[in-house]
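Me: Could you help me read this protein, taking a few questions one at a time?

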Amino acid sequence: MPHPRVYSTEGIILRRTDFGEADRILTIFTPAYGKVRAIAKGVRRTTSRLAGHLEPFTRTQLLLASGRNLDIVTQAEGRERLEALRGDVWHATGAWYVAELVDRFLEEDDPHPRFYTLFAETLRRMEAGAQAHEETRSWLALRFFELRLLGELGYRPNLHQCVNCDTPLRPEENGYSPDLGGALCPACLHLGARRVSLNALKVLRLLQTSEWEALPAIRIEASLRNEIEPLLRATLRYHLDRDLKSWSFLNDTH
Ligand SMILES: [Zn+2]
């Protein structure tokens, strides 16, 4: 979609790169225009009116002008700064990870309003987790985000029938294959699949179908976390066809 000559939009900064002496190039996720790249001129000077309003994860009201290569940020006003999240290494790393996923999965100028809402809500959940010093709920918020992202982009894994022979899965240990798009029954496990326990499958199904507010307070043991996390990561990696930088940081902070 071509951008208007001047346009006002809400947006969340996904990434920023220093440019020239005092500028920054920003990658911004917006509800109506999708992912947009823009330059913020002079923003690294302490006198800049924009400084402080264009931090990563900040939900910002922006005024942008279309440019030949990059749009130009002319005004910015931060609306939601997520301070607790920034102050906690585990939560900040999680937020970087979520932002990197958005950045990698989305092409520029491809609007995805529901995906934007999911992203904004995930950051808010991470902020609440950081405020409460509560990692379990935030860990769930990350997995919820991953599964919903896959659904939003048309990669929803099938967790109810075997993706090879279509048999409804029974309550037992089954298989899972990122390449084939979901779970496999025991008879089809020979297709080189990972194993997935009944408990892991139950949590994945719950995250895939339940609204966030309706999720029960599930207690997730470390062994279960260590089963679910790599499984989703393998699925994302399969669709992205590459690794994410933030994965190595996430592993370090566990
Ligand atoms: Zn099967």
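Me: How many residues of domain 1 are in contact with domain 2?
Reply: This is a predicted model, where local features need pLDDT of at least 70, side-chain atom pairs count only at pLDDT 80 or more, and totals for chains, interfaces and linings use all residues. Residues are numbered from 1 along each chain as its sequence is written. The domains are 6-80 and 83-252, with bounds from an automatic or database domain assignment. Counting a contact when C-beta atoms, placed from the backbone, lie within 7 Å, domain 2 contributes 16 residues and domain 1 contributes 15.

Me: Which element gives the largest share of the side of domain 1 that touches domain 2?
Reply: Strands here are DSSP E runs of at least two residues and helices H or I runs of at least four, numbered from the N terminus. S1 (6-19), S2 (23-30) and S3 (34-40) each give two or more residues to that side. The largest share, four residues, comes from S3.

Me: Which residue just after H6 takes a positive phi?
Reply: H6 covers residues 222-240. Just after H6, a positive phi of about 65° belongs to Asp241.

Key
Expected span 1.5 Å × (residues − 1). Contact = placed C-beta atoms within 7 Å.
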